[in-house]
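Open the model in your viewer and keep the sequence panel beside it.

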Amino acid sequence: MDTSWKIMVVGAGTMGHGIAQCVAMAGFNVRIVDQLPGVLDKAKVLVKEHLEGMVKEGRIDADLAEASFGRMEFHDDLEASAAWADFVFEAVFEDLQVKRELFHRLGALTRPDVVLASNTSSFDIAKLCDVTQHPERVIGMHWFHPPQITPCIEVIPASATSAETVETAKVIAEAVRKYPTACANSPGFVANRIQFAMAAEALAIVEEGLATPEEVDRIVTSSFGFRLSAFGPFEIADQAGIDVYLSIFKYLHEMLGRGQFAPPPLLEKMVQDGKLGLKSGAGFYNYGDSAADALRRTRDKRLFDRLALFRAERMDGSD
């Protein structure tokens with residue numbers, strides 16, 4: 001993508017300064033705008049420290065760090081910066097009314113073709129469209145903390161969002177070396193729906209006295225959390241067996257009586273249809289001849305690579 005595009009990030013807090021750093025490292029000129037006293041100065045220090053830390057760890061060279069910081073401007077003038085920008089990331093505090101007021105202003109201050117992308121982690125994107133001139137250029141682009149490192153960006157169009165805006169958002173995300181994935185405009189989108197379902201069950205386990213927070217974290221990071229860095233939940237289900245998953249759902253529902261463990265009708269139908277995952281050749285994914293052996297080799301390579309890192313970080317390299 002043409003890195004001559006000028007990109008504005010509104011909000012210099014936890015997410016905003018990290019987003020701006022990513023954009024600058026990808027070769028774009030970026031203005032980070034915030035009107036709260038002291039926030040810009042703090043953001044400038046944090047970005048410089050993070051870039052210097054990356055150099056010390058050998059992740060980037062000093063020339064890239066210097067060039068990236070040189071492409072960043074820190075401003076408190078929203079109006080002038082909005083007129084300058086070709087693309088806008090909003091990363092202000094997660095308050096719907098604050099975001100609506102900002103999008104109302106941005107809709108008037110920016111050119112009609114400038115995409116306005118919100119970093120909201122849960123709010124209805126349509127609520128931002130309906131206060132903005134040219135709602136077709138409004139979209140959700142949910143980054144994940146820390147934004148300088150975490151690959152995913154959820155791309156969330158509202159019904160008013162144009163196909164051109166969606167494509168521009170994906171191109172920008174890829175240009176800053178992220179992994180954009182489109183999802184529907186629904187409360188919590190996808191990642192937070194899954195993440196908070198896990199958090200709720202983890203909290204219930206601690207409240208019931210089944211394990212301490214430390215024990216829960218240890219189990220998660222060394223079991224399914226360890227695998228989830230290599231495979232998504234549907235890939236893992238196919239490998240384990242859809243019939244096995246269904247059996248576990250039935251047992252948990254019978255013993256715990258909680259609605260979240262009710263056997264999903266989708267799994268019931270898949271088992272009835274003989275779609276048991278990798279072992280039957282089809283599950284959530286379709287597998288060709290010799291797929292099982294190939295997937296096992298891929299699985300083992302990915303997980304052994306992660307195991308080496310896990311042991312280095314958690315077990316000091318011991319077996």
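A salt bridge here is a side-chain nitrogen of Lys or Arg within 4 Å of a carboxyl oxygen of Asp or Glu. By this rule the count comes to 15 salt bridges. The model is predicted, so local features need pLDDT of at least 70 and side-chain atom pairs count only at pLDDT 80 or more, while totals for chains, interfaces and linings use all residues. Residues are numbered from 1 along each chain as its sequence is written, and side-chain values use heavy atoms, with hydrogens and water left out.

**Charged pairs**

Select K99 and E90. Their side chains meet in a salt bridge, at 2.4 Å from N to O. Are these residues buried or exposed? Both K99 and E90 are buried; buried means under 20% relative accessible area, exposed over 50%, and partly exposed in between, with a 1.4 Å probe and protein chains only.

Next, select R258 and E208. This salt bridge has its closest N and O atoms 2.1 Å apart. The pair links distant parts of the chain, 50 residues apart: R258 lies in the loop between α12 (242–256) and α13 (265–272), and E208 in the loop between α8 (191–207) and α9 (213–222). Helices are DSSP runs (H or I, at least four residues), as are strands (E, at least two), and they are numbered from the N terminus. R258 is partly exposed, with a relative accessible area of 21%; E208 is also partly exposed, at 43%.

Move to helix α14 (residues 291–314) and select K301 and D305. The salt bridge between their side chains spans 3.2 Å, N to O. Because K301 and D305 are four residues apart in this helix, about one helical turn separates them. K301 is exposed, at 54% relative accessible area, whereas D305 is partly exposed at 44%. Then select K6, D86, R111 and D113, which salt bridges with shared partners join into one network.

Select K178, in the loop between α7 (163–175) and β8 (179–182). Show what surrounds K178, with contact meaning heavy atoms within 4.5 Å. Leaving aside neighbours within four places in sequence, K178 is in contact with residues including C22, W143, P147, Q148 and I149. T150, P151, I153 and A173 are also among its contacts.

F224 is found in helix α10 (residues 224–228) and is partly exposed, with a relative accessible area of 33%.

**The whole chain**

Zoom out and colour by secondary structure. The protein chain has 14 helices and eight strands. Its C-alpha atoms fill a box of roughly 60 × 45 × 45 Å, taken along the principal axes. Of the 319 residues in the chain, 36% are buried. Among contacts with a separation of 6 or more, 65% are between residues 24 or more positions apart.
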